[in-house]
Amino acid sequence: MEVLGIKQIQTGLLEKEFTCVDLVDDYLKRIKSFDSEINSFLTLTEDTAYAKAKDDDKILTELGKDAFKKYPLLGSVVAYKDLFLTKGVRTTAASKVLEDYVPEYSGTVVERIDKAGGIMIGKLNCDAWAHGSSGENSDFGVTKNPWNKEYVPGGSSSGSGAAVASGFCTFATGTDTCGSIRLPANYCGVVGLKPTYGSVSRYGVIAMASSLDSVGHITVNSEDSERVYNVTKGTDGKDATLKDNSFEFPKEGATIGIPKEFFVKGIDAKVGKKIDEAIKIFESAGYKFKEVSIPHMKYGISVYYIIQPAEVSSNLGRYDGIRYGHGRSYFGEEAKRRIMLGTYVLSAGYYDAYYLKAMKVRTVIVSEVEKVFEEVDAMIAPVAPTPPFKIGAKADNPLEMYLTDIYAATANLSGIASLALPFGSTKTGLPLGFQLMGPRFSEPFLFHLGSKFEKISGQTYKFPNLEK
Amino acid sequence: MLMTKLTNSDIEHNADLAKLPLKKDEAEKYKTQLTQILNYIEELKQVDTEGVEPTSQTTGLTDVARNDEVKLLESLNEQQALSGSDNVYNSCFIAERLIRK
């Protein structure tokens, strides 16, 4: 099977090379052949996928090429991270607590994708409650990296990265609280968008840390990422953090910042070298580069590991097993660890020393980021310090696992947009890449940079051989 | 810098606050791991935050309101609201008794 972006799918549909039902056939065939090993799906929605595909085929017959104006995602096959509520379809957060929870309503993003013609094929595995950087914390088993099944796919949107990279769906949704979309995209060689905080609705998405959670997606290229974003973004009257915003493109000859603190100790040489190459490619397209500084970025993980568990302990307080789900004894190890940590930093006598202090250092980081964007139009940085690591490698050391997110934290703490782009691979075939961070609501510019980079570098996604 | 070292009673107290039933070996493990994490995040003490306002959100929005109207189609009916539990009686969820005489 060749990799199909949304545009290629729609061209193929128009030219009658295949129908939407054929597409669902193909994706399901791949899932059934290979996902028993990859473990990216928790639930398959075969019947609803075929019903929707038939609807889409009918719309296409009636409207022809005008169909895509009204239904911009028509023909695309989507899978949702199992944190997204889907009416009538089991939603577990990959936790035993919600093992048999069936929601009575769908999230805003799910509704918008459905209305835009997207075909739901199933629900995806992830670290339980989105707690994790590797996909190993799911209560329903580890997801494997399709490029090498001994390696982690990155988390917490592990199933989303693995499923898109394996060709099990056209795109997948995810949530990014501290790299949970960008990391699996980076580790699986695909494109991940962490949108601006306040641009995409969190309504009907199981909350992790409310001041940091952003709802995005994983695709095979930047163009698809933009297309999906244009459907999911914007106010919905339900999530009060949303804002409709337009963004003014920088003039020709935009400048991209290289935040020096992202390139010091701890970064793997292979990761750094690939970013140098990417910078040369952008330079050849006329972009200027400039070293910038976010001195307090190095405290990002400490700030994050106070604020996030604090908000987690509060958000997970509602799971008492009375109205739905099982009781609190069903929480897995990592969820309990974070609830304990969050409860501690919020408890009497410790609040000022930990939580209040973290919120103040967050202010310092936010103002440093804002200052950088007075000088440059975007920033380039690694997504993670190293290429994908082996399953089990960090399992016994939570602190070491937490530090995987060090380069992700800046975007979440300051609420800005970030696009993770794949670029080449290691000698052993593990994906490499980088992230482009831009000011709040700069997504259109990041997509523009991403598409331009893909064009010049010739970086196009190809599926791994899953038979191995 | 003072080292934080969690005790068994810290762990028990927090588990109690969070209503988390912990097994004995879990409590022991969390004591070690959380001590390690807390000592890492102590590095924040090095940052001078004198006079800095805390950040609790990044949108800059304040007092967001929507029109006060009932949207019946978007509201759950009684049956839907109760659908997540088998433990219901007379249109109510059954919960554990809190007060005993």
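Predicted model: local features only at pLDDT ≥ 70, side-chain atom pairs only at ≥ 80, totals over all residues.
A residue counts as buried if 20 or more other C-beta atoms lie within 10 Å of its own, and as exposed if 12 or fewer do.

Most residues other than glycine have a negative phi, and most peptide bonds are trans. Is Ala130(A) buried or exposed? It has 29 other C-beta atoms within 10 Å, so Ala130(A) is buried.

Asn90(B) also has a positive phi without being a glycine, here about 50 degrees. This residue sits in the loop between strand 1 (88-89) and strand 2 (92-93) of chain B. Asn90(B) has 5 C-beta neighbours inside 10 Å, so it counts as exposed.

| Residue | Phi | C-beta atoms within 10 Å |
|---|---|---|
| Asn90(B) | about 50 degrees | 5 |

The peptide bond is worth a look too: from Gly155(A) to Ser156(A) it is cis, with omega near 10 degrees. Ser156(A) belongs to the loop between strand 3 (119-124) and helix 6 (158-166) of chain A.

**Where the chains meet**

Turning to the interface, 44 residues of chain A are in contact with 36 residues of chain B. On the chain A side, helix 10 (300-315), helix 11, helix 12 (352-375) and helix 13 (398-402) each supply at least two residues. Helix 12 gives the most, with 10 residues. By type, the chain A side divides into 22 nonpolar, 13 polar and nine charged residues.

One helix pair across this boundary can be described in detail. Helix 11 (residues 333-346) of chain A packs against helix 2 (residues 24-41) of chain B at an angle of about 55 degrees, and their axes are 11 Å apart. The two helices are therefore oblique to each other, and the crossing is right-handed.

**The nonpolar core**

How many residues does the largest nonpolar core have? It has 150, and those with the most contacts inside it are Val78(A), Ala79(A), Ile121(A), Cys169(A) and Ile306(A). Leaving aside residues up to four places away in sequence, Ile306(A) touches Val345(A), Tyr354(A), Tyr355(A), Ala358(A) and, from chain B, Ile41(B).

Methods
Residues numbered from 1 in each chain as written. Chains lettered and ligands numbered in written order. Axes fitted to C-alpha atoms, helices over the stretch in contact; angles between N-to-C directions. Helix = DSSP H or I, 4+ residues; strand = E, 2+ residues; numbered from the N terminus. Parallel < 35°, antiparallel > 145°, perpendicular 65-115°, else oblique. Left-handed = near helix turned anticlockwise from the far one by under 90°. Core = buried A, V, L, I, M, F, W, Y, C linked by C-beta atoms within 7 Å. Contact = placed C-beta atoms within 7 Å. Nonpolar A, V, L, I, M, F, W, Y, C, P; charged D, E, K, R; others polar.
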